[in-house]
Amino acid sequence: MLIAPNFRKAYQSAISKKELNLKITALCEMLKNPRQDPRPLAKELYDLIIGPVVPDLTVLNAKTLMWSLDGALRYLPISALYDGKQYLVETYRNVVFTLASHSGLKDQPKPTWNGLGLGVSKPQPGFSELKAVKAELDGIVRTDSSPQGVLPGLIGLDEAFTLDAMKQELRRSYPLVHIASHFKLTPGNDTQSFLLLGDGTHLPLSDIIKQTNLFKGVELLTLSACNTGVGDGKEVEGFGVLAQRQGAKGVIATLWPVDDASTGIFMQNFYRLREQEKLTKAEALQRAQLLFITGKTQGTSDTTQRATVEYTTPEGRDATAPAAPFTPNPAAPYSHPYYWAPFFLMGNWL
């Protein structure tokens, strides 16, 4: 259903729920492998999900799409749908809204921001080292030791990133809070789904639920971690939705394990665009994604590490017909959606 000022219309696509879910699962798995070309399957889903709506969007001169998603669609990176020539993000800004975000959708942002950067770079039991996190935070938050940062603020890295330290700093109501760490999602178990803190302890979703306005005053919480945007759809809320219920007006979350090295560059571009060009969150996110697609990024990382992703044919797909290989343009090494499509914005997009 498309709803716009003075416009409301429903559309249908002929596909069973089971078949749709299989296609979504297959595309999501394919997007996690930068060696596979997801565009043919992304085109199939584009035609099913938004293709019938595009003529009316064109007439309405739509620029920003607010998506209300349920079921398996919650796991689909909308920005990576493909029309045969370009990705959806190349035409529209895409924002997901939930019941938790309704109250803050129209709130105007503060004219100037400062930021709190929290991260884990050292290996912890069961979790690998995140070599690029320090460079990621240094490129975002400007301090005496990181003068290249985009926003003034405070960085809490590794041992300085504890639950008590985070709570203390959150009381200062930073407009931006950026967390770069590991997140483990255990569907159906909110005590075993947790954020890894810098001292090696775990902050489970069950403890976040018990907090009161933990993120009050936060205009954007960026969760630069793995799988922070998803839950199982029924029993466990994703970290992103819980953060909105705890007061965060807007949340950038992720749909799959993100690449360590490219993520820092992506985030530097996102914040630079928002601050220097005075863009909305949605505009800055779209522009950062476009820069990865075109290869016109700015920023540095202290490592050339890349994630190693093993591809297996998702259940329901023909194992004899694997996806074609994806060959990136050497001038745009991060053009595959694996690098830019997992990040999505929930809630207030201003």
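Does Arg171 count as buried or exposed, and at what relative accessibility? At 65% relative accessibility, Arg171 counts as exposed, because the exposed class begins over 50%. The model is predicted. The largest nonpolar core has 100 residues.

**Arg171 and its loop**
- Arg171 sits in a loop, with helix H5 (163-170) on one side and strand E8 (176-180) on the other.
- Between Arg171 and Leu45 the sequence separation is 126 residues. Their C-alpha atoms are 43 Å apart in space.

- Strand E5 (residues 115-119) pairs with E8 in the parallel sense, over 5 bridges.
- Leu116 stands opposite Val177 in E8.
- Strands of a sheet pair through backbone hydrogen bonds, in either the parallel or the antiparallel sense.

- E9 and strand E10 (residues 194-196) are joined in the antiparallel sense over 2 bridges.
- Lys184 stands opposite Phe194 in E10.

**Helix H1**
- Helix H1 (residues 17-31) has 15 residues, which at 1.5 Å a residue should span 21 Å. The end C-alpha atoms of H1 are 21 Å apart, so the two values agree.
- Buried residues of H1 are Leu20, Lys23, Ile24, Ala26, Leu27, Cys28, Met30 and Leu31.
- These buried residues pack against helix H2 (39-49) and helix H10 (337-340).
- An α-helix has 3.6 residues a turn, so residues three or four places apart point the same way.

**The nonpolar core**
- In the largest nonpolar core, the residues touching the most other members are Ile50, Ile179, Phe215, Leu221, Tyr271 and Trp340.
- Ile50 is in contact with Leu45, Leu57, Leu65, Trp67 and Leu88, leaving aside its neighbours within four places in sequence.
- In soluble globular proteins, nonpolar side chains tend to be buried together.

How values were computed. Residues are numbered from 1 along each chain as its sequence is written. This is a predicted model: local features need pLDDT of at least 70, side-chain atom pairs count only at pLDDT 80 or more; totals for chains, interfaces and linings use all residues. Side-chain values use heavy atoms; hydrogens and water are left out. Helices (H or I, at least four residues) and strands (E, at least two) are DSSP runs, numbered from the N terminus. Buried means under 20% relative accessible area, exposed over 50%, partly exposed in between (1.4 Å probe, protein chains only). Two strands pair if DSSP finds at least two bridges between them. The expected span of a helix is 1.5 Å times one less than its number of residues. Contact means heavy atoms within 4.5 Å. A nonpolar core is a set of buried Ala, Val, Leu, Ile, Met, Phe, Trp, Tyr and Cys residues joined through side-chain atoms within 4.5 Å.
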